[in-house]
Amino acid sequence: MFDELRDLYDSVILERGRKPRNGTKLAVFDAEAKGDNPMCGDRVHVFVRHEAGRIAELGFAARGCAVSVAAADLMAEAVSGLSDSEALALGNSFEKMTKTGLGDEQSLATLRPMAGVAAYPSRIKCAMLPWVALAAALAGEGTASSE
Amino acid sequence: MNAMSKSVASRTFDIEAIRADFPILAEKIRGKDLVFLDSGASAQKPVVVMEAMLHAMQHQYANVHRGLHWMSERTTEAYEAARDAAARLMNASDRREIVITHSSTEAFNLVAHSFGRGVLKPGQAVVVSQMEHHANIVPWQMLRDAHGIELRVAPITDAGELDMDGLETLLADGKVGLVSITHMSNVLGTYTPVERIVKLAHAYGAKVMLDGSQAIVHRRVDVQALDVDFYAWTGHKLYGPTGIGILYTKRELQEAMPPFMGGGDMISSVSFEHSSWAEAPHKFEAGTPPILEGIGLRAAIEYVEAIGYDAIAAHESQLTEHALARLSDIEGLTIVGRAQDRGGVISFTMDGAHAHDVATLLDRQGIAVRAGFHCAEPLIRRLGLDSTSRASFGVYTTMGEIDVLADTLERVRGFFG
């Protein structure tokens, strides 16, 4: 009865939302920020460790819906190895994809399972929460919200 | 329309006839029947409310309280009839005890500002409970920070009931000037023991304000029998329009309370050196009031009165009992709050599925519920939760809709399970 929801709840999102692979706080990190959507209750705390000017590792602690947790988990993989500016540019591409459902760039490959969120405008903020938290972390700010 | 009518013809409780009064309920959501279980956030409107507002705009509209012409006089009568209707609904002894605001949030801010700064003295305290809506928390925090008033928080039990011993402990030192507590939790559906709260608070010299936005939808409120000092509620949850709220204030308290906002309509005379205030309730009603909303709210009140609170409460009780039974049978679903005295607002969580995901899946089946904090973040935190899904009922909710909810939630569990 929920077959039509597979556009949002892609199997990757269901799996990553349930069992994120990168959902741990890093023991060593040099940037971090909390994302908080107080209207709905999603929270994510993002930790970043750089090496030689690039993001070597991203971990997070999240309490939220499948969409926000999966978005954080996929983000952790997508930004690994990127410079800060590359990661922020990817975040912009990702935001466009969440709004249009379109995103053919190679850089978006890992994140493409999230494209279905475009059909659910009230859920775009869930997908964006880890990205605004990452931007805050890289800017040296402590907190962010995508509401 | 007879603006001054005092009585309302009663009708028998016929759920199909009631549903026919709410045309929006016939809407399809993506081809599926709308199952509207979000009345606790805002209720749907019966045709009589729409017609009353439309009639005013088509035939009888001008600004009020400036009655030098026919239209203004007639509109003033129609608008002021809302005050009479609200006074009758709550059994206020005097229509002047009814202040018309733009929301219940404004009512709390009015009391916090006017009673809080004008009557309470620095060093005194205000008590709220752990299960308050933000509208009954934030104005008191602002009062605390601006006026040196202590803010105390009465605990609730794990079942989601007010801890009366805890409340009494907070009152014991005699510093509490006001207890402001919900009559019915917008998250847990708990009815608070308002008679006991008022007696207890008064015994310690404190006034009492009740947040009635949820309760007055389901239960008869008698402010005289309760002996409550302030009682606030919003129009749009009682099948009326948005943009209007009601604040009952005991007559004897109004004199000492300064105005909240300044402007037109609340003065008796103005010069650049000095202005003097109009008498209550107009003292508290600055600016052009919610005229059309008042006309709509009066129609909503009469609609509720015609059905009658006995029938409304019986219907709510039947729905709530059925919903609690059906939802309790769903594996992995936890109903949040288990108060003995509770009504048609039910929050729940589901193992393995966040409230948003639940709400999105339900929405795809045409079922509208709310998910999140429900403007009560401290309560959600107190319960150790991040968010809940909430189904809330109205006079038009059916047993069949509860079954659709429960059946769909079974499938949601399968989807995420």
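This is a predicted model: local features need pLDDT of at least 70, side-chain atom pairs count only at pLDDT 80 or more; totals for chains, interfaces and linings use all residues.
# A walk through chains A and B

Which of its residues are buried? They are A87(A), L90(A), G91(A), S93(A), F94(A), M97(A) and T98(A). Just after the helix comes G101(A), with a positive phi of about 80 degrees.

Is A72(A) buried or exposed? A72(A) has a relative accessibility of 1%, so it counts as buried. Leaving out residues up to four places away in sequence, A72(A) touches V44(A), F60(A) and P130(A). There is also a pairing across the sequence here: A72(A) and N22(A) are 50 residues apart along the chain, yet their C-alpha atoms are 8.3 Å apart in space.

Now have a look at A52(A), in the loop between β2 (42-51) and β3 of chain A. Its phi is positive, about 50 degrees, although A52(A) is not a glycine. As a reminder, most residues other than glycine have a negative phi. A52(A) has a relative accessible area of 84%, and since anything over 50% counts as exposed, A52(A) is exposed.

Let's move over to chain B. How many helices and strands does chain B have? There are 15 helices and 17 strands. The C-alpha atoms fill a box of roughly 70 × 55 × 35 Å along the principal axes. For 417 residues, a compact globule would have a radius of gyration near 22 Å, and chain B agrees because its own value is 22 Å. Of those 417 residues, 57% are buried. Take the contacts in chain B between residues at least 6 apart in sequence: 72% of them join residues at least 24 apart.

What about the surface and the charges? Chain B exposes about 15800 Å², with carbon and sulfur atoms supplying 52% of that area. The chain carries 38 positive and 52 negative side chains, and the centres of these two sets lie 2 Å apart.

D38(B) has a relative accessible area of 16%, and the cut-off for buried is under 20%, so D38(B) is buried. Which residues is D38(B) in contact with, leaving aside neighbours within four places in sequence? The answer is A368(B), V369(B), R370(B), R390(B) and S392(B).

The next stop is Y239(B), in the loop between β9 (230-234) and β10 (245-249) of chain B. Y239(B) is a residue other than glycine with a positive phi, near 70 degrees. Y239(B) is buried, with a relative accessible area of 2%.

The last stop is P281(B), in the loop between β12 (275-277) and α11 (291-307) of chain B. Most peptide bonds are trans. The bond from A280(B) to P281(B), however, is cis, with omega near 5 degrees.

Definitions and conventions. Residues are numbered from 1 along each chain as its sequence is written. Chains are lettered from A and ligands numbered from 1 in the order in which they are written. Side-chain values use heavy atoms; hydrogens and water are left out. Helices (H or I, at least four residues) and strands (E, at least two) are DSSP runs, numbered from the N terminus. The radius of gyration is taken over C-alpha atoms; the globule rule is 2.2 Å times the number of residues to the power 0.38. Buried means under 20% relative accessible area, exposed over 50%, partly exposed in between (1.4 Å probe, protein chains only). Contact means heavy atoms within 4.5 Å. Accessible areas come from the Shrake-Rupley method with a 1.4 Å probe; for residues, only the protein chains shown count as cover. Lys and Arg count as positive and Asp and Glu as negative; His and the chain ends are not counted. The place of a charge is taken as NZ of Lys, CZ of Arg, CG of Asp or CD of Glu.
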